[in-house]
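Please keep the sequence and the model side by side while reading. The paragraphs below go through the chain residue by residue and element by element.

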Amino acid sequence: MTIETVSENRSHGGVQGVYRHASTTTNTDMVFSAFVPDHEPGSMLPVLWYLSGLTCTHANVTEKGEYRAACAKAGIIFIAPDTSPRGDEVPDDPEKLYDFGQGAGFYVDATEAPWDRHFQMWTYVAEELPSLIAAHFPADRARQGITGHSMGGHGALTLALGHPGRFRSVSAFSPIVAPSQVPWGRKALGHYLGEDRQKWTRHDACATIAAGARVDEILVDIGEADPFIEKELRPELLEQSCEAAGIPLTLRRHPGYDHSYYFISTFMADHVAWHAERLKKG
């Protein structure tokens, strides 16, 4: 479980690093970023996982997310994986469209050829990378939260719902809440998992909640000027699912904000503080 340091920079009273490792899950090299605030020797810090959206890598949030000051203040490690396996040997959308293939792993374990050899992002994010982080960073595995944007918001919700007790807190920016019901999700889940929609359930937050999965509460921010809100994101479906299941949902709609990192960076400190409140206990 070795890692290669790509870069490390001093920032906001901590170290922002980018690292590479050979993944046995995706059968490729994978890159992730980690911000570790200053801390007492021997202390273990809570972790906030951030899953990125379509077309993104670890670099988008690392360079534009504006989370470091808030994480340093709260004493939280911030981990940002890539969105998919990459490389010449990794299959991609034959039409080179942005919403499928490399950059669009959708945080699932693909079962359909040719995607199944490399596109194992569910296991990578849920199992392999956490073990790697625990081996190399002062990460407290008992105090973990998860968040994400768009496709990554979908991943954050489904991973939290699919691993009861793993994450003490879950939030999302502009998440795809019901991929089984929207074009982005139907394309990805159909290609990666096949046409049996029963296999899609655990990768659809609303369907997972309907099947009985629960988390303590959810925070979601979304911009009212987001061009994808009506066709792809469908936040009202999450509202309905949470209300029916009795899951407390704080859904904040922000006039004028869109789907970009201008929006995410505006409310990132709010999310870090919200997670910190829930992660600092125990």
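His21 sits in strand β2, residues 14-23; helices (H or I, at least four residues) and strands (E, at least two) are DSSP runs, numbered from the N terminus. This is a predicted model, in which local features need pLDDT of at least 70, side-chain atom pairs count only at pLDDT 80 or more, and totals for chains, interfaces and linings use all residues. Residues are numbered from 1 along each chain as its sequence is written, and side-chain values use heavy atoms, with hydrogens and water left out.

With a relative accessibility of 4%, His21 counts as buried; buried means under 20% relative accessible area, exposed over 50%, and partly exposed in between (1.4 Å probe, protein chains only). Contact is defined as heavy atoms within 4.5 Å. Not counting residues up to four places away in sequence, His21 touches Thr2, Ile3, Thr28, Asp29, Met30, Phe32, Tyr124, Glu128, Leu129 and Leu132. With Tyr124 there is also a side-chain polar contact of 2.9 Å. A polar contact is a pair of N or O atoms within 3.5 Å; within protein, one must be able to donate a hydrogen and the other to accept it, and residues adjacent in sequence count only if both atoms are side-chain atoms. Phe267 is 246 residues from His21 along the chain, and the C-alpha atoms of the two are separated by 31 Å.

Arg68 belongs to helix α2, residues 68-74. The Arg68 side chain does make a polar contact with the side chain of Tyr67, at 3.1 Å. Leaving out residues up to four places away in sequence, Arg68 touches Ser11, His12, Gln16, Phe35 and Thr62.

The loop between β5 (77-81) and α3 holds Pro114, and the peptide bond from Ala113 to Pro114 is cis, with omega near 0 degrees. Lys96 is in the loop between β5 and α3, and its phi is near 55 degrees, a positive value in a residue other than glycine. Phe106 is found in the loop between β5 and α3, with phi near 60 degrees, again positive in a residue other than glycine. Lys96 is exposed because its relative accessibility is 63%, whereas Phe106 is buried at 0%.

Phe106, Ile146 and Tyr192 have the most contacts inside the largest nonpolar core, which has 67 residues. Helix α3 (residues 121-136) gives the most to this core, with 8 residues. Apart from it lies another core of 20 residues, among them Leu48, Tyr67, Cys71 and Phe78. A nonpolar core is a set of buried Ala, Val, Leu, Ile, Met, Phe, Trp, Tyr and Cys residues joined through side-chain atoms within 4.5 Å. Beyond its neighbours within four places in sequence, Ile146 is in contact with residues including Leu48, Ala156, Leu159 and Ala160.

Helix α4 has 11 of its 12 residues buried, so it is largely enclosed by the rest of the structure. Its buried residues include Met151, His154 and Leu161.
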